[in-house]
Amino acid sequence: EWNDFDGYAQAVEKAGSNLNLCTLLGHGTIRWTVMNGAVDRPPTKEEADKIESIIRHNMEQGAWGISYGLDYVPSRYAKPEELAETAGIVADYDGVAAAHLRHSIGVLNATKEFLQVGRDSGCKLQISHLRSTSPESFKAVQDYVEAGGRALIDTIPATTAHCQSKDRALLFMMSTCDELFDQGLEGIKKAIKTPEGRALLRNDPYFVNRDQTLNVLCMTDDPALEGKTVAEAAGDQDPKEFLLDLLASDQNFVLWAGGANRPDFSMKSHTPEMRANPYVCAGSDEILGDPEMPYDWYELRRRGAMPIFIQEYLKQGMPIEEVIRRNTSMVADHFDIVDRGRLQAGKFADVAVIDMERYHYPNYENPDCRNATCVAEGVENMFVNGIATVQDGKVLKNMPGRVLRHASKKGGKA
């Protein structure tokens, strides 16, 4: 258990990691803790002071900034003024404010909203997993930077819909429901068996209140359901009620909620102008999950974000040096990750040795929901802090990774 960034860092380092981590504070967690729940109102003066105290405490311990999930409870209750206030605290330490945007108002409007947060706070921005179906949003960020703002875009090169175990799907439904957010897994399991709870959950936009020909059942206890869409499995029943019955049952299954293709993230929609935008890098938004429970929550293309992005941009004629810069030194400079991101004498040896002719992601063209642990091919060797973590294509058991600490203006180097 931990209560602050320092405690988290110590827990990770005790457990071991084969990656370096730059960790952001979760706005929703801080807001929910201080305000005693998911409440749709601005914080009081006392609450705002407590939020500020928590942010400063953790930034001074080496946190890299703050992350907002503006589609989700409770951060979606925060108005732009509240976002600018918290981002302004982070700006005092030259940290970064990252956001899953408020897509409910439209991608372009959501992008403009967060850019205004940057103007009002003076904070560096990371526009997280910006949807490639909105080229005008990419242009808005480019214009913002060229006018003097500080921002980068990361975009998911390709994605399927999420795959979630039954219990994980229930928790996700809880996280987007105002009335059930604080109930926990057992609470939502009870709610799904009551008329009132069902009425709420029928409105869930991610799993229930959507086209059930796009929801696929896999890893099921019942072979008769395996690989079928919810609509097919329901037969003559109402597909939404059938899904709610499944979620309320004792059966185990994985729900592939949306199937193999999500058009909002696709390399096919990257226009020449988007590719030429010098502030765009790949971002997987990967669901890390629990390595001991790989089928709890996963996605079938995001682990391949880097090979997919690099190979597609190379195909379009971008020099390899520029593709690599976008995903190494550009990001390191933006986050102020000192002595990393470049192959230079005296820098930390975080190095990937890749056979570019073989560098690809096997689950890209034909994703298989039964293969949750697919990894890229062509990565021959990798070194983290100078110690090998991959050798001859095999992942080693070495754990040289660190929780990196931001050398902030106020916090100093930890």
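The following legends describe close-up views of a predicted model.

**View 1. Lys-166 in helix α7.** Helix α7 spans residues 166-175 and includes Lys-166. This lysine is buried but forms no salt bridge. A polar atom of the Lys-166 side chain is instead found 2.5 Å from the backbone oxygen of Ser-249.

**View 2. Surroundings of Lys-166.** With residues up to four places away in sequence left out, Lys-166 touches Leu-246, Leu-247, Ser-249, Asp-250, Gln-251 and Phe-253.

**View 3. The largest nonpolar core.** This core comprises 62 residues. Ile-55, Tyr-68, Ala-97, Phe-114, Leu-125 and Ile-127 have the most contacts inside it. Helix α4, residues 80-91, makes the greatest contribution to this core, supplying six residues. Another core, of 29 residues, lies apart from it and includes Met-173, Leu-180, Leu-246 and Ala-257.

**View 4. Contacts of Tyr-68.** Beyond its neighbours within four places in sequence, Tyr-68 contacts His-27, Leu-83, Thr-86, Ala-87, Ala-97, Ala-98, Ala-99, His-100 and Phe-114.

**View 5. Thr-389 in strand β13.** Strand β13 covers residues 387-391 and contains Thr-389. Thr-389 counts as buried because its relative accessibility is 3%, and the limit for a buried residue is under 20%. Apart from neighbours within four places in sequence, the contacts of Thr-389 are Asn-18, Met-382, Phe-383, Val-384, Lys-394, Val-395, Leu-396, Asn-398 and Pro-400.

Conventions
Residues are numbered from 1 along each chain as its sequence is written. This is a predicted model: local features need pLDDT of at least 70, side-chain atom pairs count only at pLDDT 80 or more; totals for chains, interfaces and linings use all residues. Side-chain values use heavy atoms; hydrogens and water are left out. Helices (H or I, at least four residues) and strands (E, at least two) are DSSP runs, numbered from the N terminus. Buried means under 20% relative accessible area, exposed over 50%, partly exposed in between (1.4 Å probe, protein chains only). Lys and Arg count as positive and Asp and Glu as negative; His and the chain ends are not counted. A salt bridge is a side-chain nitrogen of Lys or Arg within 4 Å of a carboxyl oxygen of Asp or Glu. A polar contact is a pair of N or O atoms within 3.5 Å; within protein, one must be able to donate a hydrogen and the other to accept it, and residues adjacent in sequence count only if both atoms are side-chain atoms. Contact means heavy atoms within 4.5 Å. A nonpolar core is a set of buried Ala, Val, Leu, Ile, Met, Phe, Trp, Tyr and Cys residues joined through side-chain atoms within 4.5 Å.
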